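Here are my notes for your first read of this model. Keep the viewer open and check each point as you go.

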Amino acid sequence: MSGFVFNEKPIQIEEGDGPYVYDDSGTEFLDMGASYACVPLGHDHDAVKSAVQEQLSKLTYVQASYPVDVRTELYERLADTAPDPIDKTWLCNSGTEANEAALKFARAATGNSKIIATMQGFHGRTMGALATTWKNKYKKPYEPLIGDVEFVPYDDPEAMQEAVDDDTAAVIVEPVQGEGGINPASAEFLQTTREATEEAGAALIFDEVQTGMGRTGTLWAAEGAGVAPDMITAAKGLGNGLPVGATLCRDWIADNYGSHASTFSGGPVISAAANATVKTIVEEDVPGHAADVGEYLRGQLEAEVGDAARDIRSEGLMVGVEVKRGANRLLKELALNHGILALPAGRTVVRLLPPLTITEEHADQVVDALVDVIT
Ligand SMILES: *Cc1c(COP(=O)(O)O)cnc(C)c1O
């Protein structure tokens with residue numbers, strides 16, 4: 001018997017520590033992808049590890065209908081840190097589930113079915129979230145998906161304004177597209193989308209599965225854009241490596257969500273992980289650090305890589321370097337010749353989503369390596 005879904009890489013990772021991981025022979029790699037932004041505080045972070053260990057030794061699991069302290073604390077912490085007036089949380093286990101719930105909640109709360117998503121967007125791989133994902137390769141083999149989804153060009157305020165109408169249940173949008181190639185939206189696009197949805201009585205969902213947890217320089221990208229959506233979905237970095245997702249909602253959504261549940265929703269161990277992660281990120285102003293190091297990294301990339309790249313796009317420590325030849329070959333050279341792990345976004349973009357705790361020295365190391373493999 002063997003697994004069959006993932007392409008396995010020729011490096012066997014055995015240990016992690018901060019921004020580094022180590023293979024089975026002890027070779028060190030700087031993890032500039034944070035395994036898809038899942039460890040914003042770096043690998044094996046002490047506070048998260050001890051919170052998890054403590055919870056494990058006390059109570060590993062109890063059904064979600066019994067309140068437990070760590071989960072209550074997490075609800076309160078998320079309410080405190082989410083943009084007002086968002087203060088209700090639905091907990092789950094992944095990004096796609098968080099979006100799936102958001103789409104269901106929007107349909108229940110509005111009584112409408114039409115969902116608007118954006119070209120090049122990515123929202124996950126369960127049937128509903130997949131229907132709002134752009135790439136045909138991900139959808140084709142599984143069709144028909146849920147109907148009534150319309151795609152508009154990303155960052156096009158007029159197209160969005162035209163698409164949103166009285167039949168719209170929700171607009172789902174990433175404040176910065178991740179998988180689609182690191183495409184930041186203008187504040188104008190997000191604000192126009194907010195106005196149009198508000199006018200139509202539709203729910204605005206910010207998919208912050210990748211942008212959340214301080215990645216773009218504020219805890220939520222919504223803050224940076226000055227927009228308060230009706231729902232924010234989170235996952236990836238929320239548990240610093242443990243599987244937890246969240247759909248954060250305004251009252252009008254939470255009071256009319258229909259009937260939705262999941263057995264493992266808000267289990268004590270993942271709640272402990274998320275609690276410790278969000279607490280540390282807020283108390284240590286990790287988003288502010290991400291903004292500073294992100295700005296430094298951006299400046300160095302522009303100065304050192306410059307025109308050797310087709311484009312450099314970033315928001316905080318969410319960075320895309322669009323290259324002139326296949327990204328995968330460069331990623332292999334970065335790993336094997338420079339000990340740096342990074343990610344692709346499509347075929348031509350090298351994507352950096354490092355732990356938010358990296359320093360300017362780490363940024364320099366990556367820029368030097370990129371200069372070497374690109375030029
Ligand atoms: C990764 C991602 C998802 C899906 O999250 P999973 O945990 O893989 O289900 C959804 N939206 C965005 C923006 C993502 O980056």
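1. **Terms first.** Buried means under 20% relative accessible area, exposed means over 50%, and partly exposed lies in between, using a 1.4 Å probe and protein chains only. Lys-114 is buried, with a relative accessible area of 10%. The areas come from the Shrake-Rupley method with a 1.4 Å probe, and for residues only the protein chains shown count as cover.

2. **What you are looking at.** This is a predicted model, in which local features need pLDDT of at least 70, side-chain atom pairs count only at pLDDT 80 or more, and totals for chains, interfaces and linings use all residues. Residues are numbered from 1 along each chain as its sequence is written, and side-chain values use heavy atoms, with hydrogens and water left out.

3. Helices (H or I, at least four residues) and strands (E, at least two) are DSSP runs, numbered from the N terminus. Two strands pair if DSSP finds at least two bridges between them. Here 4 strands form an open sheet in the order 1-2-3-15. Its pairing is mixed. Which strands stand at the edges? They are strand 1 and strand 15 (340-341). Each has a single partner strand, so one side of each is left without a neighbour in the sheet.

4. Strand 1 and strand 2 run antiparallel, joined by 4 bridges. Gly-16 stands opposite Val-21 of strand 2. Asp-17 faces Tyr-20, also in strand 2. The two strands make a hairpin with 2 residues between them. Look at Gly-18 in the turn: its phi is positive, about 60 degrees.

5. **A negative patch.** Glu-14, Glu-15, Asp-17, Asp-24, Glu-28 and Asp-46 form a negative surface patch. Patch residues have over 30% relative accessible area and no salt bridge; like charges are joined within 9 Å, and nonpolar side chains (Val, Leu, Ile, Met, Phe, Trp, Tyr) within 5 Å. Lys and Arg count as positive, Asp and Glu as negative, while His and the chain ends are not counted. The place of a charge is NZ of Lys, CZ of Arg, CG of Asp or CD of Glu. Strand 1 (residues 13-17) gives the largest share of the patch, 3 residues. Asp-24 sits in the loop between strand 2 (20-23) and strand 3 (28-31). Is Asp-24 buried or exposed? Asp-24 counts as exposed, because its relative accessibility is 54%.

6. **An enclosed strand.** Now turn to strand 7 (residues 168-173). All 6 of its 6 residues are buried, so strand 7 is largely enclosed by the rest of the structure. Strand 5 (residues 114-118) joins strand 7 through 3 bridges, and the two run parallel. Lys-114 has Thr-168 as its bridge partner in strand 7. Strand 7 also pairs with strand 10 (residues 203-207), in the parallel sense, over 4 bridges. There, Ala-170 has Ala-203 as its bridge partner.

7. Side chains of opposite charge can pair when their charged atoms come close. A salt bridge is a side-chain nitrogen of Lys or Arg within 4 Å of a carboxyl oxygen of Asp or Glu. The structure holds 15 salt bridges. One of them joins Lys-114 to Asp-165, with the closest N and O atoms 3.1 Å apart. This pair links distant parts of the chain, 51 residues apart. Lys-114 is in strand 5, while Asp-165 is in the loop between helix 7 (157-163) and strand 7. Asp-165 counts as partly exposed, at 29% relative accessibility.

8. **A salt bridge within a helix.** Lys-279 and Glu-283 meet in a salt bridge (3.6 Å, N to O). Why are they about one helical turn apart? Because they are 4 residues apart in helix 11 (residues 268-283). Lys-279 is partly exposed at 35%. Glu-283 is exposed at 59%.

9. Arg-313 forms a salt bridge with Glu-322, the closest N and O atoms being 2.8 Å apart. Both partners are buried: Arg-313 is at 15% relative accessibility, and Glu-322 is at 17%.
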